[in-house]
Each structure stands twice: as structure tokens, then as C-alpha cells.
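Here is a short report on pockets. Please look at the sequence and the structure before reading on.

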Amino acid sequence: MSKEKEINIEDGNVQETVQNENNEQTTQNENTEENQNTDNKAEEGDSNTDAADKKAEEIDPLTKAQQEVEELKKLLLYKTAEFENYRKRTLKEKAELILNGGEKTVAAILPILDDFERAIADKSEDPKAIKEGVQMIFNKFVKTLEGLGVKKIETNDKDFDVDFHEAIAMVPGMGDDKKGKIIDCVQTGYTMNDKVIRHAKVAVGQ
């Protein structure tokens, strides 16, 4: 009797052990399922995050383009304002140049005007002294004009050139060596910075 009891107890222990093992297996299975569910949820969360990132990436180019457009608008406004200021400044300078463009010329000639005033105020009756004084003023005036870029067009013994000369008379019978040559200058011509501002009026041999 006691021997069977021990066996039963042992069988009971065995059964209890088996049950415990089954319980442990069940717990492990449940834990495994929970882990799998957790992993699935994590994967779903990662998928959602990736989708959101992709969506953000799809929006970013548009936002970037809008920012670039705004920057270009600001740059355009700045350049427009800058050009408007430049235009106004240029118009002002042009107007001042038109009004006061001869200031340099007049300032250069004023000393000659002073010489004429002194010559007129002089009471000398010596013709030679008066002539020398006038010649000095003339030489000073010519030098001043040269400083302003004004030069006399040479005509002495020059060939007639329509770019610099204006023929007002033809002189026949001057010989072959004088044909097409300037015989006389009636009015002196001038250039300013190599541009003709007045043609020399001349008589040409025919």
C-alpha cells in the first residue's frame, strides 16, 4: 500500500511536473506572441514614420521652390529700386551737364577777358605797344583753346579735302601744280578733339 502510494505520489509529481512544463510552454508561447505583436506594431510604426518622411520629402521641393520665388521677388524689388535711383541720378547729372557744360570753357576764357579789360583801360597811344599787347592776348587765347582740345585746320599749301575744307571759290589759270590746291583761306576752320566743328572756307585752284 505504501509502495503504491509512493508511486502515485511520484506519478503525481510527474504529472505536476508535466503540467508545470506545459504551463511554462504556454507562457513562453504567450510571450512569443506578445513579442511578435510588439514587433509587428513596431514595424507598423516604422512604416508609418517612413511614409510620413516620404510625404515630407514630397512637400519639401515645393516649399523650397516657394522660398526661392520669395527670394527672387525681393531681389527683383531691390534691383528695380537700384535701377530707378541710377536713372534719376543720371537724368540729374545730364541736366546739370546741359546747363553747366560750358563751365570749364568759360572758366578758361575768363583770364583772357581780364586781359582785354586791362588793354582797353590802358591809356597808351603807342601803336607798336598796342599791337604787341593784342598779339600777346591772341597767342594766349589760341593756347587756351588748344588746352580745350580746339585746333586750327591747316590750309597753307594743302590739298583740298572735303572733310576739312569748304570751297567757296575756284581760281582758274593757276597752273597744273596749283590744281586742286588751296590758294587762299577766307575763314579759318577748327577741330575739337579731332572732330570738325567748323570747316575752313577756302579758294581752290582750278
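Predicted model: local features only at pLDDT ≥ 70, side-chain atom pairs only at ≥ 80, totals over all residues.

Residues are numbered from 1 along each chain as its sequence is written, and side-chain values use heavy atoms, with hydrogens and water left out.

A pocket is an open set of points on a 1 Å grid over the protein atoms alone, where a 1.4 Å probe fits, with protein on both sides within 12 Å along at least five of seven lines; lining residues have an atom within 4 Å of a point. A volume is the space filled by probe spheres set on the points, which are joined across faces, edges and corners.

| Pocket | Volume |
|---|---|
| Largest pocket | about 230 Å³ |
| Second largest pocket | about 170 Å³ |

Take the largest pocket. Its lining includes Asp115, Asp122, Ser124, Gly133 and Lys140. Both α2 (103-121) and α3 (127-147) supply at least two lining residues. α3 gives the most, with seven. Helices are DSSP runs (H or I, at least four residues), strands likewise (E, at least two), numbered from the N terminus. By class, the lining has six nonpolar, two polar and three charged residues. Nonpolar covers Ala, Val, Leu, Ile, Met, Phe, Trp, Tyr, Cys and Pro; charged covers Asp, Glu, Lys and Arg; the others, Gly among them, are polar.

Now the second largest pocket. Phe138, Glu146, Lys151 and Tyr190 are among the residues that line it. α3 and β1 (150-152) each bring at least two residues. α3 gives the most to this lining, with five. Six lining residues are nonpolar, none polar and three charged.
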